[in-house]
Amino acid sequence: MVRYVIRRLLQMILTFFGATFLVYALMFGNQSDPIQALAGERPVSDALRATLTEHYHLGRPFLVQYGYYMRGLLTGDFGETLSGRRISDIMAQSWPLTIELALLAMVFAAVFGTAAGVYAGLRRGGVFDTTTLAVTLLVIALPIIVLAPMAQLLFGVKLGWFPTTAGARPTLYGLILPAMVLGAASLATMLRLTRASVAENLRADYVRTARAKGLARRRVVGIHVLRNSLIPVITLIGVDLGTLMAGAIVTEGVFNIPGVGSKLLLGIQTEDGPLVVGLVSVLVVVFLVVNLIVDLLYAVLDPRIRYV
Amino acid sequence: MSDLEMAAATEVPSHVGGGFRPTGPDESPDAGPTGGDRPRSLAGDAWRDLRRNWVFWVASALVVLVVTMAGAPQIFTSADPHDCTTRRQHAGPAGAAIFGYDYQGCDVFARTVHGARASVLVGVLAVLLAGAIGLVVGMLAGYYGRWLDAILSRIVDVVLGIPLLLAAIVLSKRLTADRQGSGVASVVIVLGILGWTTAARVMRSSVIAARGQDYVAAARMLGASHLRIMVRHILPNALAPFIVVLTIALGTFIATEATLSFLDIGLRPPAISWGTDIATAGKHVREAALPLVAPSVFLALTVLGFIMLGDAIRDAFDPKLR
């Protein structure tokens, strides 16, 4: 166990540096004239050019520049946007909202996904099972750029059940529809995974033993099957986080929620390189850390697995 | 030489396909390309299963429809998708324009039909690129193992450590910085060099499974070179799961292209992209819903078609899942 944790941590450090390096290199590496890109179409005076070169360490070798960037990332200093706002300020403002939205989406997905998955897994081949299989396939295939505007159109504009946009200070009620849109894909995957693992575990030897002992069906399903079936579902949370982040960009944009996703969208639209890289770096770090936690949790939850 | 090798290749243990006990040991997916006469090959079995699967037929119909739309949009509409005038802004369905007109006054149906080309083109090219990278990396890592496997697997880990869309955003911002052309090449490159990881992992694990088989040892004893063993003996037997992953990836790539275009960092005019049209129509959804619904439905059906096709093929090749 300890060896596994150490191994996983070392791997995480490697991935962390690799991934951030990749993001940095993709954004800034091999750029012909970053200062002109920074200024857009406006002309740049020589004095300004010299100052900017000094300020962004552009005269230094690429690896040294990456070092400066990493120092900033690790100390929470993400620099400034093109318009001069501190990126850490923007993040402090927008993170709580995105976390709230993501948590709502995850709770929604976990509760409904596992409940319906267990039900479908117990009654394989039934009407409910067949219907959910078809519906979840459809939901998984729906890109979020289809799902979000369509949900907005149907439940916001046509039916009027939910507010069409959440606005600057969204209420919990205003976040429900975006959270459902955001969590829909995770819900579908979770449902399918739970269903498959319940169906598989029902045939396991220990379930037969439990039945043979004369335990009530409720207990066999509720304790023996359920516990073992939910282990793989936990790993899904880590994997799904990436989808969730990508979804948040679109969902927040469509429903006008001022979270990290819509700030990233703003950065893309205004061609604000530093803002985009700052936000993406933090999202990547969050993704890596959550996946690490999920992996470690998995090792604790499933002692059968021996990690080499 | 070749005959001897063929003999070695067809002497695969015939425990594949056929009866499936849930308690059985892991079967390696040996898709016999030659389809031996005596025992039916796994591919033959899979094809028999596929023909009876309605999901496969629905998915194939969708895929054929979209590919036809991409190849010959004139069959479906004679209207010019670039013929737009604001006089017809948000006008309702009229004549051949069965979905009405959008904010710019363009024929929504014509735009939707013509949008298939960019989606399919980007998807197919990106899958070819990602598949090529994944094939080489997975094959080398799986066949040679040891330090090469360690290095390549860590690289896969690093690329997988960045969610696809986030990396695509950063990369396509770079590639679209010098705006010229329709952006098809940039999006293909972005998706190709970021989306090969799953394919590489799948290839690696099936190569590892095939590497230890007797027919590989037999080929090696007959003096076949590494390259020949990889291409003639291991590849055909490791191909099925790889193709399944790529089919599903095609759907994902099309969705990602639409998302990038939706975010305004994907395709640009004159290319017609469903993603761009969805983004524009979404802003005016209160005035007219059809310009949003039409491309959304077509995009969803296209993605669904490829994912269902991949699912059906996988089910046919892997009876354990049933």
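Where pLDDT is low, the predicted coordinates should not be read in detail.

This is a predicted model, in which local features need pLDDT of at least 70 and side-chain atom pairs count only at pLDDT 80 or more, while totals for chains, interfaces and linings use all residues. Residues are numbered from 1 along each chain as its sequence is written, and chains are lettered from A and ligands numbered from 1 in the order in which they are written.

For the model, ipTM is 0.79 and pTM is 0.79. Chain B has an average pLDDT of 77, with 81% of the residues scoring at least 70. In chain A the mean is 80, and 91% of the residues reach 70 or more. Confidence in chain A is lowest in helix α2 (residues 34-39) of chain A, with a mean of 63, and highest in α9(A), with 87.

The overall make-up of the chains comes next. Chain A contains 12 helices and zero strands, and chain B likewise has 12 helices and zero strands. Of the 308 residues of chain A, 38% count as buried, whereas the figure for the 322 residues of chain B is 50%. A residue is buried if 20 or more other C-beta atoms lie within 10 Å of its own, exposed if 12 or fewer, and partly exposed in between, with C-beta atoms placed from the backbone. The C-alpha atoms of chain A fill a box of roughly 85 × 55 × 30 Å along the principal axes. Among contacts with a separation of 6 or more, residues 24 or more positions apart account for 73% in chain A; in chain B, 70% of the contacts between residues at least 6 apart join residues at least 24 apart.

At 1.5 Å a residue, the 15 residues of α8(B) should span 21 Å, and the end C-alpha atoms are 21 Å apart, in agreement. The expected span is 1.5 Å times one less than the number of residues in the helix. Because 12 of its 15 residues are buried, α8(B) is largely enclosed by the rest of the structure. The buried residues include B:T197, B:V202, B:M203 and B:A210, and their cover includes α4, α5, α9 and α10 of chain B. After α9(A) comes A:G214, with a positive phi near 90°.

Helix α3 (residues 54-71) of chain B packs against helix α4 (residues 108-144) of chain B at an angle of about 100°, with the axes 7 Å apart. Axes are lines fitted to C-alpha atoms, for helices over the stretch in contact, and angles run from 0 to 180 degrees between N-to-C directions. This makes α3(B) roughly perpendicular to α4(B); angles under 35 degrees count as roughly parallel, over 145 as roughly antiparallel, 65 to 115 as roughly perpendicular and the rest as oblique. Among the residues making the contact are B:V66 and B:M69 of α3(B) and B:V113, B:R117 and B:L121 of α4(B). By class, this contact has eight nonpolar, no polar and one charged residues. Ala, Val, Leu, Ile, Met, Phe, Trp, Tyr, Cys and Pro count as nonpolar, Asp, Glu, Lys and Arg as charged, and the others, Gly among them, as polar.

Where the two chains meet, chain B gives 37 residues and chain A gives 39 residues. On the chain B side, α5 (146-160), α6 (164-175), α10 (226-262), α11 (274-283) and α12 (290-317) each give two or more residues. The largest share, eight residues, belongs to α12(B). This side of chain B divides into 25 nonpolar, six polar and six charged residues.

How values were computed
pLDDT is the predictor's confidence in each residue, from 0 to 100. Two residues are in contact if their C-beta atoms, placed from the backbone, lie within 7 Å. Helices (H or I, at least four residues) and strands (E, at least two) are DSSP runs, numbered from the N terminus.
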